[in-house]
Amino acid sequence: MHAVAADPGTAALLDIPVGAAVFAIERLTFLSDGRPVDVESIRVRADRLTLCATVYRGRPPAAG
């Protein structure tokens, strides 16, 4: 995920000004045998995204 400026097409679709900050997400999904099956290029309004992360220090907790 990284920040980019909205191009005219993205801005129109997201109802934001051209050049406004948006999050760009690029994703490639693979099958269990390693073959690619899906590729996505997503743009999300910066004011509509919340990112949460959990950082473990040391040994991760045991799976329950």
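Which residue in β3 is the bridge partner of I25? The bridge partner of I25 is I42, and the points below place that pair within a model that is predicted.

1. On the overall fold, the protein chain holds 1 helix and 3 strands, and its elements follow the order β-α-β-β from the N terminus on.

2. On the sheet pairing, strand β2 (residues 21-30) is joined to strand β3 (residues 36-45) by 9 bridges in an antiparallel arrangement, with I25 and I42 forming one of the partner pairs. Strand β2 also pairs with strand β1 (residues 2-5), again in the antiparallel sense, over 4 bridges, and here V4 has V22 in β2 as its bridge partner.

3. On the turn, β2 and β3 make up a hairpin with 5 residues between them, and G34, which sits in that turn, has a positive phi of about 95 degrees.

4. On the salt bridges, the search of the whole structure returns 4 of them. One of these links the side chains of E40 and R27 at 2.5 Å, N to O; because E40 lies in strand β3 and R27 in strand β2, this pair ties together parts that are 13 residues apart in sequence. E40 is partly exposed at a relative accessible area of 22%, and R27 is likewise partly exposed at 46%.

5. Two further salt bridges deserve a mention. D33 forms one with R35, where the closest N and O atoms are 2.7 Å apart, and D33 counts as partly exposed with 49% relative accessibility. D47 forms another with R45, the closest N and O atoms being 2.7 Å apart; here D47 counts as exposed at 52% relative accessibility, whereas R45 counts as buried at 16%.

6. V39 has its place in strand β3 and, with 64% relative accessibility, counts as exposed.

7. On the overall dimensions, the radius of gyration of the protein chain is 17 Å, while a compact globule of 64 residues would have one near 11 Å. The C-alpha atoms fill a box of roughly 45 × 30 × 15 Å along the principal axes.

8. Among contacts with a separation of 6 or more, 21% are between residues 24 or more positions apart.

Definitions and conventions. Residues numbered from 1 in each chain as written. Predicted model: local features only at pLDDT ≥ 70, side-chain atom pairs only at ≥ 80, totals over all residues. Heavy atoms only, no water. Pairing = 2+ DSSP bridges. Helix = DSSP H or I, 4+ residues; strand = E, 2+ residues; numbered from the N terminus. Buried < 20%, exposed > 50% of the residue type's maximum accessible area, 1.4 Å probe, protein only. Rg over C-alpha atoms; globule rule 2.2 N^0.38 Å. Contact = heavy atoms within 4.5 Å.
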